[in-house]
Amino acid sequence: MKDIKVLGPGCKRCDTTVDMVKAEAARLAIDVKIEKVTDYAEIAKYGIASTPGIVVDGKVVHAGGLPKAEAIGPWLKG
Amino acid sequence: MALDETDLRNPTDKFETAKWLAMVAGSLIIWTLLYSQLIPFAEWVVSLLPVERKSHLGEAIQFFVYDTPKVLLLLTLVVFAMGVVRSFFSPEKTRAMLAGRAEGVGNVAAAGLGILTPFCSCSAVPLFIGFVSAGVPLGVTFSFLIAAPMVNEVALGLLFALVGWKVALTYLAFGLAVAIVGGFVIGRLKLEGWLEPWVREIRAGAIELPDEQITIIDRIKAGIEAVRDIVGRVWMWIIAGIAMGALIHGYVPADLMARIMGADAWWSVPAAVLLGIPMYTNAAGVIPIVEALLGKGAALGTTLAFMMSVIALSLPEMIILRKVLSVKLIAVFVGVVGTGILAVGFLFNALFH
């Protein structure tokens, strides 16, 4: 089970990011738990400066803008 | 294994890259053709309508039909180019460059990077916290936050296109100056204690992001994405702005504007700044109005002050920033930036009188 957190105050891009991660996880049949983190203080603790951010098992893998679709697979598998 | 995969894909990658570059070149040619036909197109549309070309209505319609496609074309080009340029920057890289920088140099660097770093107002708060908690001085952070929305590609590109390169360059120079000096002054005031308490307690530090491979195709896609996002968001503001501009252009008598917004009316500069604060549009909506006002004899300084105030001092952004800044700190921010804009207005009116 991969623990995924999408960091963002709730803008449209953050929602799109969640959907992209969900779709990729479903495609690769990887079991994930996705959580949206919208609280500014919580987001800040991860040390990013732009949103949406993606955290996989506690490690920040992406920040700022939508992720590249092809990049998501390796994060989920890695 | 990952390496082998990229190696195998290399020839196709090259072909793909060439294809994308050719597409960009083709689009540029189509763009140039469209742009060269704007005046004939506008005259043709007006000639189809049952209005006298030289009448108020005829003037207004011609202005609208000419300006709308012109502004949209220019905006698309500028936004695309900036989207590509910005793919070389990120808020995290900018933060690493600014962290621990001394004030002064830091303010200059922050204002400059504010233009180049991709930034959307919905991530203003994470950016603010991210900068401050990683050791970017408060004043330097403010220089960035003032420059990023005020001196943007939409403002510069449209000013260049509609009003001329001299005004665009002066706007760039004075916009940067307001951001640098404003941030520096806020830094000198030592207002760290006025941040909301929870912001001061965050000491996350900066994280190192894993490097993502960014290809030329990705950069082109970033440009297209910027066009879809920005042009998709602002086109109605532009049309509203141009319609407003067209009315001014067609109906407002020239001497009226010269009297209200002319260089002789000193009070017009503060009035323009105050009027700009509650108005929330963006550069795209306000510049067609600026163009029309200038055409009617409004003074350049007054008009620029109005424009800077509309863009840099917006109520919605202050409401967002209220989450991290105390009311006192927001008041200082408005005071400092407002004073800077006033100074720009008066200086311009004096210089270009």
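User: Before we start, how are residues and chains numbered or lettered here?
Analyst: Residues count from 1 along each chain as its sequence is written, while chains are lettered from A and ligands numbered from 1 in the order in which they are written. The model is predicted, and local features need pLDDT of at least 70, side-chain atom pairs count only at pLDDT 80 or more, and totals for chains, interfaces and linings use all residues.

User: OK, chain A. How many helices and strands are there?
Analyst: Chain A has 3 helices and 4 strands. Helices (H or I, at least four residues) and strands (E, at least two) are DSSP runs, numbered from the N terminus.

User: In what order do the elements run?
Analyst: Starting at the N terminus, chain A goes β-α-β-α-β-β-α.

User: And the sheet? What is the strand order?
Analyst: The order is β2-β1-β3-β4 in chain A. The sheet is open, has 4 strands and shows mixed pairing. Two strands pair if DSSP finds at least two bridges between them.

User: Which strands stand at the edges?
Analyst: β2 (32–37) and β4 of chain A do. Each has a single partner strand, so one side of each lacks a neighbour in the sheet.

User: What does the twist average?
Analyst: The twist averages 20 degrees from one strand to the next. Axes are lines fitted to C-alpha atoms, for helices over the stretch in contact, and angles run from 0 to 180 degrees between N-to-C directions.

User: Zoom in on β3(A) and β4(A). Do they run parallel or antiparallel?
Analyst: Antiparallel. Strand β3 (residues 53–56) of chain A is joined to β4(A) by 4 bridges. V56(A) sits opposite K59(A) in β4(A). I54(A) sits opposite H62(A), also in β4(A).

User: What lies between those strands?
Analyst: The hairpin has 2 residues between its strands, and D57(A) takes a positive phi near 45 degrees there. D57(A) is a residue other than glycine.

User: Is D57(A) buried or exposed?
Analyst: D57(A) is exposed, with 12 other C-beta atoms within 10 Å. The cut-offs: a residue is buried if 20 or more other C-beta atoms lie within 10 Å of its own, exposed if 12 or fewer, and partly exposed in between, with C-beta atoms placed from the backbone.

User: Which loop holds A29(A)?
Analyst: A29(A) is in the loop between α1 (12–27) and β2 of chain A. Phi of A29(A) is near 50 degrees, a positive value in a residue other than glycine. A29(A) is exposed, with 6 other C-beta atoms within 10 Å.

User: Where is the cis peptide bond?
Analyst: A cis bond joins T51(A) and P52(A), with omega about -5 degrees. P52(A) lies in the loop between α2 and β3 of chain A.

User: What about the overall size of chain A?
Analyst: Its C-alpha atoms fill a box of roughly 30 × 20 × 15 Å, taken along the principal axes.

User: How much of chain A counts as buried?
Analyst: Of its 78 residues, 37% count as buried.

User: New topic. How many residues of chain A are in contact with chain B?
Analyst: 20 residues of chain A are in contact with 25 residues of chain B. Two residues are in contact if their C-beta atoms, placed from the backbone, lie within 7 Å.

User: Which element of chain A gives the largest share?
Analyst: α2(A) does, with 5 residues of the side that touches chain B. By class, that side of chain A has 13 nonpolar, 5 polar and 2 charged residues. Ala, Val, Leu, Ile, Met, Phe, Trp, Tyr, Cys and Pro count as nonpolar, Asp, Glu, Lys and Arg as charged, and the others, Gly among them, as polar.

User: And chain B, how is it divided?
Analyst: Chain B has domain 1 (15–86 + 216–251) and domain 2 (103–203 + 253–353). The bounds come from an automatic or database domain assignment. The contact takes 20 residues from domain 1 of chain B and 21 residues from domain 2 of chain B.
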